[in-house]
Amino acid sequence: MSKVKNNDLQDHGSAAFRKEYVGRDLQAGVITATMAIPLSIGIALMSDYPIQVGLATVAFASFIGFLFALFRPGNFIGAPGIAAGLAPILAMGVATFGIENMAFIIFMTATFQAIIWKFDWQRYLLQAVPTYLVEGLLAGIGLKIALKFLPFLWMLPVGMAASEEFWNADRITVVVLSIAGAAIFLTLFKIYKDTKPAMPYFALIILGIVAAQFVDVKMLKVEDVNFALGLPIPDFDTAYMWIYAIFFALMLAVVDVIEQVMSNAAIEKIDPLERPCNSNNSLLSIWVSNMGASFFGGMTNLDGLAKSSTNKLAGAYTKLSVLVIGLVITFFVFNSHYLDHLPYFALAIIMAFVGIKMVLGLLHVAQFGPYALLLGSLCGALVFKIGIFEGLIVTLV
């Protein structure tokens, strides 16, 4: 591709829409959305948020991402969504402050991100928090995610085996089904990860739906949420809770920003037209999405690497694919009863896989040397053992 054409592709409109790529972007959006739905469901469950809220956050962030790509493109094929790496942090927030106060936490997170965006401070964050510590943090979180979802691989419907021995015929059937599902998923992932990354997700979901017709397995149940717009006003009883909430939101903002900067570095490498990313523009889209989400009780978002990679390999060239993702997921937000056909064991395989991949991210730290690997591993262990915020702070000190 000539330099002139490459420069032309970097104009503002090219980030959101180019007519020669419409067909590919439409296809990519549908495929990426299909992969993003079970992943977003799992992350919402891990975060102790309602599933509909998680999906609504992804849809809203997708619309904002497309809108800002019209005039302030950050990246060209990144797909927004709720991040697995932030799930345990959000769950800790729900446990500490209550779900009713999380809108304020998300609002303050967006406010801190807006400040970082305004002064372009994101370039200094990776100096204050080295990449190897972020990998360690994510490894600790990944271990939490994997262990959280592993029990679903042998879980039976409520009351099905309440008075029987644990390893009965029904449970063994579910375990065998889970092992078969995991084997199929991993095999297809190995074969298609560089060409059709959504294939293992498609196959696993279809297997789960078909198997549920013949075997009693625990099924997903999506509770309806009454969405309502409202000001994110908190209800804290003590000054300590106010202070803790501010620092918690600051930590959430920093981790979110660092993950986005790291994702942008990877997205730039896989861009089919080799277009450079602008992380500060990406942060603009993120904090606006987060601030908007706080008014309907939504979660945090970022352009995750897993969804962005799928988007690219599915054929995406512009952010039109992200608009399609938003439309597809919006359908399931308002028709969530269709999601009740998804078995928990299939969801558990996907989320355990995500968690294990995050743990294996520590292998990347080896390139920084033994000292970095030691500190990254220590950070992961402390995050898993004593808490996300505490583990990171202790390792930094």
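**Close-up views of salt bridges and helices**

**View 1. Arginine 18 and glutamate 20 form a salt bridge, with their closest N and O atoms 2.9 Å apart.** A salt bridge here is a side-chain nitrogen of Lys or Arg within 4 Å of a carboxyl oxygen of Asp or Glu, and by this rule the count comes to four salt bridges. The model is predicted, so local features need pLDDT of at least 70 and side-chain atom pairs count only at pLDDT 80 or more, whereas totals for chains, interfaces and linings use all residues. Residues are numbered from 1 along each chain as its sequence is written, and side-chain values use heavy atoms, with hydrogens and water left out. Arginine 18 counts as buried at 15% relative accessibility, while glutamate 20, at 42%, counts as partly exposed (buried means under 20% relative accessible area, exposed over 50%, and partly exposed in between, with a 1.4 Å probe and protein chains only).

**View 2. Lysine 221 forms a salt bridge with aspartate 340, the closest N and O atoms being 3.7 Å apart.** Lysine 221 lies in the loop between helix 10 (199–211) and helix 11 (239–270), and aspartate 340 in the loop between helix 14 (320–334) and helix 15 (344–360), so the pair ties together parts that are 119 residues apart in sequence. Helices (H or I, at least four residues) are DSSP runs, numbered from the N terminus. With a relative accessibility of 54%, lysine 221 counts as exposed.

**View 3. Aspartate 271 is paired with arginine 275 in a salt bridge whose closest N and O atoms are 3.0 Å apart.** Aspartate 271 is buried, with a relative accessible area of 5%, and arginine 275 also counts as buried, at 0% relative accessibility.

**View 4. Helix 5 (residues 87–97) and helix 6 (residues 102–118) have axes that come within 10 Å and cross at roughly 130 degrees.** Axes are lines fitted to C-alpha atoms, for helices over the stretch in contact, and angles run from 0 to 180 degrees between N-to-C directions. Leu90, Gly93, Val94 and Phe97 of helix 5 and Met102, Ile105 and Ile106 of helix 6 make the contact, which means heavy atoms within 4.5 Å.

**View 5. Buried residues of helix 9 (residues 169–192) include Arg171, Val174, Phe185 and Leu188.** What covers the buried residues of helix 9 includes helix 10 and helix 15.

Definitions and conventions: Helix = DSSP H or I, 4+ residues; strand = E, 2+ residues; numbered from the N terminus. Expected span 1.5 Å × (residues − 1).
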